[in-house]
Structure formats: C-alpha cells, structure tokens
Amino acid sequence: FHIGGDVGAIATGTYGQATQNVYRGAEGDPLEMIDRLLRKLEADAGVLEGEQADDVVDDVQRLHTEVHSRRPSAESIRAMLSRLTSATSSTAALLASVEQIKELVSAILH
C-alpha cells in the first residue's frame, strides 16, 4: 500500500514497530540530497511519454532553482511537487524519488 503526504513513521498490529528514514548527504546537507534526487528524476523522466517527460524535466529544473533561492516560496514548491507527483504516479521508481524529495523539502521549509 502507499501513503502520501506528510506522514511520519507508521506501526500497525499488536507488536508493531515503526522506523522513519531521514535522507541526508555525506555532510548532512539536505540540499545536496535533493540535488542528487532531482538529477536522478530528470534522467529517469525519459521513461514517460513525450510531453509528460518534458513537463517533468521543466518542473525539476524550476524546483532546483526554487529550493536554492534565498527565500524559497513554499507555495511554489508545493505546486511543483504536486505536479511532479501527478506526472510520475504511473511509475513507481519516479514517484519514490518525488516522495523522497518531498520529505527533504519539508525539512527545509519548516
């Protein structure tokens, strides 16, 4: 099953245990990891069809610019992440990259 959005660790059942992954670069810089994931997403966008792949690449580039700006716009970032989620929902690997980016971006915006 898949749970989207801002979700922390989840445990179910009588003896359920939960863990939460925190994605950090070698120096603990979330921007570095976001950059890596954005590059991966851009490279993998070719599995999508035509204009959809181009739209993903455009949003990846815009997202990169926005997260590196002096005052990133949370509203703009959320809109791009929403579009990326919709565009990649049919491809599990791409969607997983977007979900990881969401987690990292939420740490930057808070």
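## Aspartate 54 in helix 2

Aspartate 54 sits in helix 2. The model is predicted. With a relative accessibility of 48%, aspartate 54 counts as partly exposed, because that class runs between 20% and 50%. Glutamate 42 is 12 residues away in sequence. The C-alpha atoms of aspartate 54 and glutamate 42 are 9.3 Å apart in space.

## Helix 2 against helix 3

How do helix 2 and helix 3 cross? Their axes come within 10 Å, at an angle of roughly 155°. The angle is over 145 degrees, so helix 2 and helix 3 are roughly antiparallel to each other. The crossing is left-handed.

On the helix 2 side, the contact uses Gln52, Val56, Asp59, Val60, Arg62, Leu63, Glu66 and Val67. Helix 3 contributes Ser76, Ile77, Met80, Leu81, Arg83, Leu84, Ala87 and Thr88. By class, the residues split into 9 nonpolar, 3 polar and 4 charged.

## Helix 3 against helix 4

Helix 3 also packs on helix 4. The angle here is about 165°, and the axes are 9 Å apart. This pair is therefore roughly antiparallel too. Helix 3 passes helix 4 in a left-handed crossing.

Helix 3 makes this contact through Ala74, Ile77, Leu81, Leu84, Thr85 and Thr88. From helix 4 come Leu94, Leu95, Val98, Glu99, Ile101, Lys102, Val105 and Leu109. The class count is 10 nonpolar, 2 polar and 2 charged residues.

## Threonine 85

Threonine 85 belongs to helix 3. Is threonine 85 buried or exposed? Its relative accessibility is 18%, so threonine 85 counts as buried, the limit being under 20%. Setting aside neighbours within four places in sequence, threonine 85 is in contact with Leu95, Val98, Glu99 and Lys102.

## The nonpolar core

The largest nonpolar core holds 22 residues. Which of them touch the most other members? They are Leu41, Val56, Leu63, Leu84, Ile101 and Val105. Helix 1 (30-44), helix 2 (50-67), helix 3 (74-88) and helix 4 (92-109) each supply at least two residues of this core. In soluble globular proteins, nonpolar side chains tend to be buried together.

Valine 56 touches Leu41, Ala45, Leu48, Leu84, Ala87 and Thr88, with residues up to four places away in sequence left out.

Technical notes
Residues are numbered from 1 along each chain as its sequence is written. This is a predicted model: local features need pLDDT of at least 70, side-chain atom pairs count only at pLDDT 80 or more; totals for chains, interfaces and linings use all residues. Side-chain values use heavy atoms; hydrogens and water are left out. A nonpolar core is a set of buried Ala, Val, Leu, Ile, Met, Phe, Trp, Tyr and Cys residues joined through side-chain atoms within 4.5 Å. Buried means under 20% relative accessible area, exposed over 50%, partly exposed in between (1.4 Å probe, protein chains only). Helices (H or I, at least four residues) and strands (E, at least two) are DSSP runs, numbered from the N terminus. Contact means heavy atoms within 4.5 Å. Axes are lines fitted to C-alpha atoms, for helices over the stretch in contact, and angles run from 0 to 180 degrees between N-to-C directions. Angles under 35 degrees count as roughly parallel, over 145 as roughly antiparallel, 65 to 115 as roughly perpendicular and the rest as oblique. A crossing is left-handed if the near helix is turned anticlockwise from the far one by less than a right angle, and right-handed if clockwise. Ala, Val, Leu, Ile, Met, Phe, Trp, Tyr, Cys and Pro count as nonpolar, Asp, Glu, Lys and Arg as charged, and the others, Gly among them, as polar.
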